[in-house]
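The structure comes first, then the notes.

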Amino acid sequence: MQIAQQFFETTLDQKRISEMVEVGGWSDRFFDSVIDYWAKERGERIAVTDRYGSTTWHELAVQVDEGSRGLLELGGRAGGGVEGQLPGWWEFVGSGAGVV
């Protein structure tokens, strides 16, 4: 992974990124591909729980796909902005991954 352009001061540099990937702390996979992987491996197991209930990996993957499709249908494209306000419930995970 390489940082294309630096917009602000940070301690996150290429050396730190390489170190974290090398020791397995970080992955170079996108968040949605990680959800798809676990949906295949652990489909009906619980992925996220909040005080109102829970969702399985399969359900989360479906929500991510539906959210992504909806954004594309509304004209969303790479580089565009997406804004939303959600409570800290499990839907936040699906919405965030759908934007990715």
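In which sense does α2 pass α3, left-handed or right-handed? The crossing of α2 with α3 is left-handed, a term for a near helix turned anticlockwise from the far one by less than a right angle. The model is predicted, with local features needing pLDDT of at least 70 and side-chain atom pairs pLDDT 80 or more, while totals for chains, interfaces and linings use all residues. Residues are numbered from 1 along each chain, and side-chain values use heavy atoms, without hydrogens and water.

**Helix packing**
- Helices α2 (residues 31-42) and α3 (residues 57-73) pack at about 145°, with axes 8 Å apart; axes are fitted to C-alpha atoms over the stretch in contact, and angles run from 0 to 180 degrees between N-to-C directions.
- Contact (heavy atoms within 4.5 Å) joins D32, I35, D36, W38, A39 and R42 of α2 to W57, H58, L60, A61 and V64 of α3.
- By class, this contact has seven nonpolar, one polar and three charged residues.

**Largest pocket**
- The largest pocket has a volume of about 230 Å³; a pocket is an open set of points on a 1 Å grid where a 1.4 Å probe fits, with protein on both sides within 12 Å along at least five of seven lines.
- Its lining (residues with an atom within 4 Å of a point) numbers 13 residues, and L71, G76, R77, V82 and V99 are the closest to the centre.
- α3 gives the most to this lining, with three residues.

**Confidence**
- The chain averages a pLDDT (predictor's confidence, from 0 to 100) of 83.

Notes
Helices (H or I, at least four residues) and strands (E, at least two) are DSSP runs, numbered from the N terminus. Ala, Val, Leu, Ile, Met, Phe, Trp, Tyr, Cys and Pro count as nonpolar, Asp, Glu, Lys and Arg as charged, and the others, Gly among them, as polar. Grid points are joined across faces, edges and corners, and a volume is the space filled by probe spheres set on the points.
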